[in-house]
Amino acid sequence: MQSQVEPNLSYFIAKARSIDGHTYQKKIRIAILSSFTINGLEEALRVKCAESNIACSTYLCGYGQYNQDILNPASQLYEFSPDITFLIIDTRTVLSSLFYTPYSVSAADRRKNVDKRVAEFVSLVKSFTNRTNSKLIITNFCVPTYSPYGICETKTEYGLREMVRDLNAKLSDAFLSERSVFLFDFDSFVSKYGELNVLDYRQFLVGDIKVSLSYIPYLAGELMGYIKANLGLNRKCIVLDLDNTLWGGILGEDGFDRIDLSLKPPGLAFFEFQRLLLALYQRGIILAINSRNNEDETLRTIREHPYMVLREDNFASMRINWNDKISNMKEIAEELNIGLDSIVYFDDDPINRELMSKALPQVMTVNLPEDPSLYASTLMNINDFNTLSVTDEDKMRGEMYKQEQKRIE
């Protein structure tokens, strides 16, 4: 998967020293509670917040002191009064000796142990939510690739991996209706970047560091999704170029029948990109078109091409003309009655991207890779579309905008 390459941690630690004293649009107070050494996460979050025009104050609990901080009503945690709190606990800590020797007890006892841990978490979270209005984000647990039973792990009733999966599922169920409590899928984070990368045994054994220093910036990037959503800084509209963006080739030169859009390479890359865009549309992200093209030929392609996933009704606004794209973008924002800072722009042309970035810096202009097969993964790695909930009204947003456009016409 194509993922943004983060600067190393030393960049964030150095940069964090120079961001205080600036004036920012928003502000937030973040608490970090962890069962292990989490060096650098505080600095990485502060720098990433500053880059998003957010002033960030942080509180970091003492080593392994998360329980005491939460249970003591007079703790520095509550005195700090966070807006958002990250509770980061690792699998080894929660399972204790059973992580290494799970089969020293019966399957029934392993089940009881998991239920006990879930009950402890629910009680701990209740203590926290009763004392503060902070949003609480709890990391779930990484399912280990290790098992002392090796290939017989899957032949064992309620084995180690099943224990962790069950623990994650029960925690998810326990907090499903808690509006201020969220689970960050740390297990997916480790899968995405690789267990051998995220856990560096040299750092773990020397300093109880269970997220490698090289991957702290990536973890901070994932957690920023919650911070932006909490402050209402999410993006809600994707504006798309067409040629070499939604399909391969130049429609005006190649024609309807010869553009690359199909179930085979190279057209498959664009088909896959459109499928992901449709999924975002169905959860409430507005789609729009900003393209220099012949309108009649373009609309025919959108309406009739057999491999177009996105159709005319999926686009709340369309600017298909020979005007400059900056003016078109302003008109799209005005028509949809949204701020330019709500827009994410996809265009394959680096010149167009540079012009848009300079003229309208509020718009998030995505630096698309040259290889269209990486478009889909680039889209999946943007975490600026997050909200703290997805309602039925959200899911209907794109259709509502289209209906409003038809009424205006």
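Keep in mind that the model is predicted.

Let's start with the helix pairs. Two packed helices are described by the angle between their axes and the distance between the axes. I'll give both each time.

First up, H1 and H2. H1 runs over residues 9–16, and H2 over residues 41–51. Their axes come within 8 Å and cross at roughly 70°. That falls in the 65 to 115 degree range, so H1 is roughly perpendicular to H2. The crossing of this pair is left-handed. Who meets whom? On the H1 side we have Tyr11, Phe12, Ile13, Lys15 and Ala16. On the H2 side we have Glu43, Ala44, Arg46, Val47, Lys48 and Glu51. By class, the contact of H1 with H2 has six nonpolar residues, five charged ones and no polar ones.

Next, H8 and H11. H8 is residues 186–193; H11 is residues 216–230. The angle here is about 135°, and the axes are 12 Å apart. Roughly antiparallel would need an angle over 145 degrees, so H8 and H11 count as oblique to each other. The handedness of the H8 and H11 crossing is right-handed. H8 brings Phe189, Lys192 and Tyr193 to the contact. H11 answers with Tyr218, Leu219 and Glu222. Sort the residues of this H8 and H11 contact and you get four nonpolar, two charged and no polar.

The H15 and H16 crossing is right-handed. From H15, the contact residues are Lys325, Ile326 and Met329. From H16, they are Asn352, Leu355, Met356 and Ala359.

Now the loop between H17 and H18. H17 is 375–380 and H18 is 392–395. Two residues in this loop deserve a look.

Take Asp384 first. Is Asp384 buried or exposed? Its relative accessibility is 11%, and the cut-off for buried is under 20%, so Asp384 counts as buried. What does the side chain of Asp384 pair with? The side chain of Lys228, through a polar contact of 3.0 Å. Beyond its sequence neighbours up to four places away, Asp384 touches Lys228, Asn234, Arg235 and Met364.

Then Asn386, in the loop between H17 and H18 as well. Asn386 has 31% relative accessibility, so it counts as partly exposed. The side chain of Asn386 reaches the backbone oxygen of Asn383 at 2.6 Å. Leaving aside neighbours within four places in sequence, the contacts of Asn386 are Gly225, Ala229 and Asn234. So where does Tyr226 sit relative to Asn386? In sequence, the two are 160 residues apart. In space, they are 7.4 Å apart, C-alpha to C-alpha. Note that Asn234 is a contact of Asp384 and a contact of Asn386.

A quick stop at H6, residues 107–129, which holds Ser127. With a relative accessible area of 16%, Ser127 is buried. Past its neighbours within four places in sequence, Ser127 is in contact with Ile70, Leu71 and Tyr78.

Last topic: the backbone. Which bond joins Pro265 and Pro266? A cis peptide bond, with omega at about 0°. Pro266 is in the loop between H12 (251–254) and H13 (267–282).

Two residues other than glycine have a positive phi. Ser96 has a phi of about 55°. Ser96 lies in the loop between H5 (91–95) and H6. Its relative accessible area is 42%, so Ser96 is partly exposed. Tyr158 has a phi near 50°. Tyr158 is in the loop between strand E4 (135–139) and helix H7 (160–174). At a relative accessible area of 2%, Tyr158 is buried.

That's the tour.

Technical notes: Residues are numbered from 1 along each chain as its sequence is written. This is a predicted model: local features need pLDDT of at least 70, side-chain atom pairs count only at pLDDT 80 or more; totals for chains, interfaces and linings use all residues. Side-chain values use heavy atoms; hydrogens and water are left out. Helices (H or I, at least four residues) and strands (E, at least two) are DSSP runs, numbered from the N terminus. Buried means under 20% relative accessible area, exposed over 50%, partly exposed in between (1.4 Å probe, protein chains only). A polar contact is a pair of N or O atoms within 3.5 Å; within protein, one must be able to donate a hydrogen and the other to accept it, and residues adjacent in sequence count only if both atoms are side-chain atoms. Contact means heavy atoms within 4.5 Å. A crossing is left-handed if the near helix is turned anticlockwise from the far one by less than a right angle, and right-handed if clockwise. Axes are lines fitted to C-alpha atoms, for helices over the stretch in contact, and angles run from 0 to 180 degrees between N-to-C directions. Angles under 35 degrees count as roughly parallel, over 145 as roughly antiparallel, 65 to 115 as roughly perpendicular and the rest as oblique. Ala, Val, Leu, Ile, Met, Phe, Trp, Tyr, Cys and Pro count as nonpolar, Asp, Glu, Lys and Arg as charged, and the others, Gly among them, as polar.
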